[in-house]
Amino acid sequence: MNENTRPENPLGYKSIPVLIAGFAIPSIIAMIVSSLYNVVDQIFIGQKVGYLGNAATNIAFPLTTICMAITLTIGIGTAARYSLYLGRKEHEKAARNIGNGLCMMILFGIIYGLVIFVFHEPLLRAFGANDNVFPYAAEYTRITAIGMPFIVIMNGMSTISRADGSPMYSMTSMVIGAVVNTALDYLFVMVCGFGVGGAAWATVIGQMISAGYGLLYLRKLKRITLRKEHIRLELQQMRKTAVMGMSNGLTQLAITVLQIVINRSLVYYGSLSIYGEDIPLAASGIVMKINAIILAVIIGLVQAMQPLVGYNYGAKKFDRVRKIYKLTILIELVITGIGLAVFQIFPRELLSIFGSGENEELYFEFAVMFMRVFLLLIPMTGVQVISSNFFAAIGKPVKGALLSLTRQVFFLIPLVLILPLFFGVYGIMYASPLSDVISFVTVMIFIAREMKQMKGKELAAACPD
């Protein structure tokens, strides 16, 4: 396509709601599907192995969130720069950016996979694995380490294809791998009885297939022509990409630190309660995985919003930027409101899908209570995540990164450490809604200021004298 005839907006702009829907629906489906890799594993492991197997995958889950931090830093950083360059009509820079991003995905994915394979034992112990859970967690982790480079590539390419104006391709690449994973989970775990190892191999194979399909998109790019000379690592490009994706990466790293703190706190304070060490650890892991589905929806909205906001901000169309942000928040509130209702009304039914094991009633007593309290204000969480990533999309990654840390690092982790001193194991769940309120108020103050500044820029442009 000739650069002078490229569409003004990624989907042939007609209206903001239609444009957001065109990006958001495939993005949300893609992110939900991505999150289902771990959820499906939990379901089959829980039914066949029991809650010790679920506790093991919970212990190993921080390794996946660290991988997602790498993925989002590179993928969204690359996509955000790509959208800004396209908005400014700088297509050669956009192509170099994509080539550099691809090299970063491959390099850091391989390095991370090797680190996990070599150091999985001390890592799992640090994450809170006790003697009952460790054998399952070690088996699962040794295998899933092989898939880490493919996680980075499949999610990174999904983000790039979406920014290029192909959200359906992005969605398809994720769905293909998830379907394969689910089918192989059933075969390996339920039919062949391979346990947590079978679930791990099913996950890795699904990730390989998704990554391969995602890489094929490099030959289908709509808005640039990618040549061999573009595919190389450049230190300055790497730095700029990392800075742009920092908000998303730090959010995931904060989630990882939070998971580790919660796991270790649950083991300690659980041992002092009637529930023991294993029940709180297994129950919280399942609640976190269910919560990850809602967070996947929110991240899908973020990824749909990012290229639209970046493109229009780069083109100085600030009115459209504000409208896109407000509509994204409205969609998020509707979706998370529905999720909240389900969590409050049908918690046991949801938790039952993942099995139980011994001490069934005691397990469900804690798990239901944990789900209802910990996820009480999930709509506020969504607003905080979307708003912090909004700043990264408009080229203010440092502000976005700081705001992305408000909930997990600045508020939730300290509360998880302090409240159990007074309320025992129950204090861990109370920390979540309290941190949601504080972080929501904080991010709204920054958003109000940014919207006011954009209006000022519009007035200045309309009245240059």
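Which residues does Thr-336 touch, not counting residues up to four places away in sequence? Select Thr-336 and look around its side chain: Ile-294, Ile-298, Ile-378 and Pro-379 are the residues that Thr-336 touches, where contact means heavy atoms within 4.5 Å.

**Before going on**

This is a predicted model, in which local features need pLDDT of at least 70 and side-chain atom pairs count only at pLDDT 80 or more, while totals for chains, interfaces and linings use all residues. Residues are numbered from 1 along each chain as its sequence is written, and side-chain values use heavy atoms, with hydrogens and water left out.

Colour the model by pLDDT, the predictor's confidence in each residue, from 0 to 100. The protein has a mean pLDDT of 84, and 90% of its residues reach 70 or more. Next select residues 1-13, where the pLDDT is below 50; beyond near neighbours in sequence, this stretch has 28 contacts in the model. Where pLDDT is low, the predicted coordinates should not be read in detail. Then compare two helices: confidence is lowest in helix H1 (residues 16-48), at a mean of 68, and highest in helix H16 (residues 420-423), at 94. Helices here are DSSP runs (H or I, at least four residues), numbered from the N terminus.

**Thr-336 and helix H10**

Return to Thr-336, which is found in helix H10. Its relative accessible area is 1%, so Thr-336 is buried. Buried means under 20% relative accessible area, exposed over 50%, and partly exposed in between, with a 1.4 Å probe and protein chains only.

**The largest pocket**

Select Ile-290, Ile-293, Ile-294, Val-342 and Phe-343, which are the closest to its centre of the 13 residues that line the largest pocket. A pocket is found on a 1 Å grid over the protein atoms alone, as an open set of points where a 1.4 Å probe fits, with protein on both sides within 12 Å along at least five of seven lines; lining residues have an atom within 4 Å of a point.

The largest share, five residues, comes from H10. By class, the lining has 12 nonpolar, one polar and no charged residues. Nonpolar covers Ala, Val, Leu, Ile, Met, Phe, Trp, Tyr, Cys and Pro, charged covers Asp, Glu, Lys and Arg, and the others, Gly among them, count as polar.

**Helix H13**

Select residues 378-393, helix H13. Its 16 residues should span 22 Å at 1.5 Å a residue, and the end C-alpha atoms are 23 Å apart, which agrees. The expected span is 1.5 Å times one less than the number of residues. Of the 16 residues of H13, 15 are buried, so the helix is largely enclosed by the rest of the structure. Just after H13, select Gly-395, which takes a positive phi of about 85 degrees.

**A loop residue, Lys-89**

Is Lys-89 buried or exposed, or in between? Lys-89 counts as partly exposed because its relative accessibility is 48%. Lys-89 is found in the loop between helix H2 (51-87) and helix H3 (91-126). Most residues other than glycine have a negative phi. Lys-89 has a positive phi of about 65 degrees although it is not a glycine.

**Last stops**

Select Phe-108, in helix H3. Phe-108 touches Ile-70, Ile-74 and Met-238, not counting residues up to four places away in sequence. The C-alpha atoms of Phe-108 and Pro-149 are separated by 7.5 Å.

Move to Glu-234, in the loop between helix H7 (195-215) and helix H8 (235-271). Leaving aside neighbours within four places in sequence, Glu-234 is in contact with Arg-96 and Asn-100. At 15% relative accessibility, Glu-234 counts as buried.

Finish at Ile-413, in helix H15 (residues 406-418). Ile-413 is buried, with a relative accessible area of 11%. Leaving aside neighbours within four places in sequence, its contacts are Val-257, Leu-258, Val-261 and Gln-408.
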